[in-house]
Amino acid sequence: MLPPALIAELAHQLYQARKSRTQLRQFSREYPHMTLEDGYAIQREWVKLELADGHSIRGRKIGLTSRAMQQASQITEPDYAPLMDDMFFSSGTDIPADRFIAPRVEVELAFVLQEALRGPGVTLDAVMRATAYVTPALEIIDARIEQFDRETRAPRKVFDTIADFAANAGVVPGGRQMSPAGLDLRWVGALLFKNEVIEETGLAAGVLNHPALAVAWLANKIAAYDEELRAGDIVLSGSFTRPTTAARGDVLHADFGPLGTISVRFA
């Protein structure tokens, strides 16, 4: 583990980078012995700084849920981070592009819980029973830590991504709110358009073969820290498309078929 003082300092650097929209060099470049636990420790210290500013946690996001992304990141399990209250945007609105450094957009299903989920031992069926409804969502990801080093072009390590709120920067819920009962969530599909051109398509089965399994994984994972998923939390279960870049003036539109649509413009 990195020393506690260093973990606090790196968290403060990320906190400032989000405010100033200035990218940092990869932590793993300077600290090559950094571990997954170091990444989560930095993330937790950053959360404390956001809470001290008066923000609150509205839920969690799960990332790296597809096999391809895990292989690319050289990791064998997903990652996670909090969803802060100031990260939420409404469908049909303009999103200020200057809130972000290098935004990209992913297509997801969000689970809104009516009951708490505390691991260990949380199952897919338990997630389905605890869910009030599922709804389409877009996740806006960003890079406060450089995705590719400015000099060597080396890709960041998963430890960097985890420290960086698992790249989370924004959430746009939308479409229809539907009970998971009677829905085959594996076969929920979406088309992602940018400026009226289809960029990506995908099925929710790309998320661990069933998106509710990602929520179960998270509940069991955070139990080791005496944490739980709370009633009322919104949980992003993971992207089932590749990320699509977004710049000022771009219009993103996601069509989830029977579950409705989401549209936003980066202004």
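Let's start with a charge and a ring: the charged end of Arg58 sits over the ring of Phe88, 3.8 Å from its centre. Keep in mind as you look around that this is a predicted model.

Staying with rings, there are 6 aromatic pairs to be found here. Take Trp46 and Phe165: their ring centres are 3.9 Å apart and their planes meet at 20 degrees, so this pair counts as stacked, the cut-off for stacking being under 30 degrees. The two partners come from distant parts of the chain, 119 residues apart. Trp46 belongs to helix α3 (residues 36-52), while Phe165 lies in the loop between α6 (158-163) and β6 (168-173). Both Trp46 and Phe165 are buried. Elsewhere, Tyr40, Tyr80 and Trp217 make up one aromatic cluster.

Trp217 is also a way into helix α7, as one of its buried residues. This helix covers residues 211-222, and its 12 residues reach 17 Å from first C-alpha to last, close to the 16 Å expected. Why call α7 largely enclosed by the rest of the structure? Because 9 of its 12 residues are buried. Among them are Pro211, Val215, Leu218, Ala219 and Ile222. And what do the buried residues of α7 pack against? The partners are strands β1 (57-63), β2 (79-84), β4 (104-113) and β9 (234-236), plus helix α5 (124-130).

The largest core has 51 residues, and Leu117, Leu138, Leu229, Phe256 and Phe266 have the most contacts inside it. Helix α7 gives the most to this core, with 8 residues. Pick Leu117 and look at what it touches beyond four places away in sequence: the list includes Val215 and Ala219, both buried residues of α7, as well as Val122, Ala126, Val127, Ala130, Glu228 and Leu229. There is a second, separate core of 22 residues, which includes Leu6, Ala17, Met84 and Phe165. So Phe165 turns up again here, the ring we met stacked with Trp46.

Finally, follow strand β7 (residues 189-194), which pairs with two other strands. With β8 (residues 197-203) it runs antiparallel, joined by 6 bridges, and Leu191 stands opposite Thr201. The hairpin of β7 and β8 has 2 residues between the strands, and Asn195 there takes a positive phi near 55 degrees. With β11 (residues 251-255), β7 again pairs in the antiparallel sense, over 4 bridges. In that pairing, Phe193 stands opposite His253.

Key: Residues numbered from 1 in each chain as written. Predicted model: local features only at pLDDT ≥ 70, side-chain atom pairs only at ≥ 80, totals over all residues. Heavy atoms only, no water. Phe/Tyr/Trp six-rings, centres within 6.5 Å; stacked < 30°, edge-to-face > 60°. Buried < 20%, exposed > 50% of the residue type's maximum accessible area, 1.4 Å probe, protein only. Lys NZ or Arg CZ within 6 Å of the ring centre and 35° of its normal. Expected span 1.5 Å × (residues − 1). Contact = heavy atoms within 4.5 Å. Core = buried A, V, L, I, M, F, W, Y, C linked by side-chain atoms within 4.5 Å. Pairing = 2+ DSSP bridges.
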